[in-house]
Amino acid sequence: MENENAIRVLQYIVSNDKGGLTKYICQNYCFINKNKIQFDFITYDKFLDFEKDFYNKGAKFYRIPKIKNIFKYFSFWRRLQKENKYKIIHFHMSYTNFIPIICARLVGIESIILHAHSTQIDDNRFFIRVIKEQLNFLGKILSKFIVKKYVACSDFAAKWMFPVTVVKKKKYMLAHNAIDLEKYIFNIEIRKQKRKELGISDNCFCIGHIGRFTYQKNHEFLIDIFKEIHLLNKNTKLLLIGNGPLIDKIKEKVLNLNLENNVIFLGNRKDVPSLYNVMDCFVLPSLFEGLPIVGIEAQAAGLPCFFSDTITKELFITNLANYIALNENPKIWAKKIIEYQWVLRKNMSNEIKKNGYDINMEIKNLERYYTNLINNSI
């Protein structure tokens with residue numbers, strides 16, 4: 001049911017790709033007090049997996065046209081604001097795409113929030129990366145005159161997307177990529193059940209990874225690491241959860257290395273919290289990250305975690321986090337990972353709460369942030 005008194009905050013942008021950015025926005029919506037704050041969503045997708053559920057909770061959805069036709073694109077923004085009179089728009093971005101931000105300002109949305117979620121361009125095409133890097137550089141300059149408030153998942157992400165003066169004076173809010181801790185507490189019975197479903201024996205050492213098959217996630221290097229682990233211990237499996245444009249390339253590499261019986265491609269899953277129970281460790285050798293939610297989830301599940309040194313050290317919230325240099329040989333990664341084959345799982349909830357990654361606590365900060373913005377007290 002729609003609450004007329006709730007502050008409506010427009011969220012840009014969500015999609016069905018199951019990436020961390022959409023996951024973050026959707027989780028916030030699930031936990032936020034909808035009597036106080038109501039989210040509405042902009043998307044390119046014709047229909048979203050979660051749309052019906054969120055619509056029944058009072059959310060509105062808007063289909064934005066592709067930016068190729070700038071007149072049609074701007075008309076969308078003008079019509080949107082004329083019909084709804086939004087006071088706040090929350091831009092969630094991996095780089096400072098200034099075109100939608102300028103459109104939001106031109107149609108009269110006063111409070112523009114720019115939220116940094118990454119630290120580089122996630123595209124395997126070099127030329128496209130260079131173009132977007134230049135757009136990000138220009139966007140950082142322009143945002144000084146358009147954006148009202150800045151939010152970042154990490155200091156790394158802030159440095160990548162925000163103007164130098166904003167970063168130096170730390171004129172941004174750090175919004176933790178918090179999680180629902182209860183969902184990730186290790187459960188031995190779920191482990192047994194899920195391993196049986198997946199055909200993984202009790203004594204098999206299972207390495208886990210969750211991420212879209214894109215340039216950023218560095219799956220090719222992950223497969224190289226697993227190849228070395230498999231040479232050290234034949235009774236191993238690699239669990240890959242996610243989908244994406246580079247998945248066929250990775251499947252081909254797995255076949256070429258004769259690892260097809262040991263690498264399990266699960267695609268997008270709705271039972272991810274349960275699947276952490278299946279794993280014995282978690283490996284994330286990303287080329288870059290803002291602050292990956294999966295890194296928080298894996299630690300909450302009590303898994304030894306191995307992150308590339310290109311990922312922000314703000315992910316170091318428990319003693320389960322290990323960093324390995326990305327330029328290290330896959331054999332070095334394998335030797336370090338194999339040392340953690342049979343680590344006893346512990347409940348890490350208290351440590352994670354202490355570091356500010358409990359969604360029940362973090363969502364209150366976001367509610368206050370939106371409310372104070374409307375009241376002009378920030």
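**Helix packing and two residues in a predicted model**

Me: At roughly what angle do the axes of helix 4 and helix 5 cross?
Reply: The axes of helix 4 (residues 98–106) and helix 5 (residues 126–146) cross at roughly 20° and come within 9 Å. Please note that this is a predicted model.

Me: Parallel or antiparallel, then?
Reply: Angles under 35 degrees count as roughly parallel, and helix 4 and helix 5 are therefore roughly parallel to each other. Their crossing is left-handed.

Me: Which residues make the contact?
Reply: Helix 4 contributes Phe98, Ile101, Ile102 and Arg105, while helix 5 contributes Leu135, Leu138, Gly139, Leu142 and Ile146. Sorted by class, the contact of helix 4 with helix 5 has seven nonpolar residues, one polar and one charged.

Me: And helix 3 with helix 4, how do those cross?
Reply: The axes of helix 3 (residues 70–84) and helix 4 come within 9 Å, with a crossing angle of roughly 50°. That angle makes helix 3 oblique to helix 4. Helix 3 passes helix 4 in a right-handed crossing.

Me: What is that contact made of?
Reply: On helix 3 the residues are Ile70, Tyr73, Phe74 and Trp77, and on helix 4 they are Ile99, Pro100, Cys103, Ala104 and Leu106. The contact of helix 3 with helix 4 has nine nonpolar residues, with no polar and no charged ones.

Me: New topic: the chain as a whole. How many helices and strands?
Reply: The chain has 15 helices and 13 strands. Its radius of gyration is 21 Å, close to the 21 Å that the globule rule gives for 378 residues, so the chain is as compact as a globular protein of that length. Along the principal axes, the C-alpha atoms fill a box of roughly 60 × 45 × 40 Å.

Me: How much of the chain is buried?
Reply: Buried residues make up 56% of the 378 residues.

Me: And what share of the contacts links residues 24 or more positions apart?
Reply: Among contacts with a separation of 6 or more, 69% join residues 24 or more positions apart.

Me: Now Gln38. Where is it?
Reply: Gln38 lies in strand 2 (residues 37–43).

Me: Buried or exposed?
Reply: Buried means under 20% relative accessible area, and Gln38 has 1%, so Gln38 is buried.

Me: What does Gln38 touch?
Reply: Leaving out residues up to four places away in sequence, Gln38 touches Ala6, Ile7, Arg8, Val9, Tyr29, Lys57, Gly58 and Ala59. As for Thr165, 127 residues from Gln38 along the chain, the C-alpha atoms of the two are separated by 32 Å.

Me: Last one: where is Asp53, and how accessible is Asp53?
Reply: Asp53 is in helix 2 (residues 51–56). Its relative accessibility is 38%, so Asp53 counts as partly exposed. From C-alpha to C-alpha, Asp53 and Val14 are 15 Å apart in space, and 39 residues separate them in sequence.

Notes
Residues numbered from 1 in each chain as written. Predicted model: local features only at pLDDT ≥ 70, side-chain atom pairs only at ≥ 80, totals over all residues. Heavy atoms only, no water. Helix = DSSP H or I, 4+ residues; strand = E, 2+ residues; numbered from the N terminus. Buried < 20%, exposed > 50% of the residue type's maximum accessible area, 1.4 Å probe, protein only. Axes fitted to C-alpha atoms, helices over the stretch in contact; angles between N-to-C directions. Parallel < 35°, antiparallel > 145°, perpendicular 65-115°, else oblique. Left-handed = near helix turned anticlockwise from the far one by under 90°. Contact = heavy atoms within 4.5 Å. Nonpolar A, V, L, I, M, F, W, Y, C, P; charged D, E, K, R; others polar. Rg over C-alpha atoms; globule rule 2.2 N^0.38 Å.
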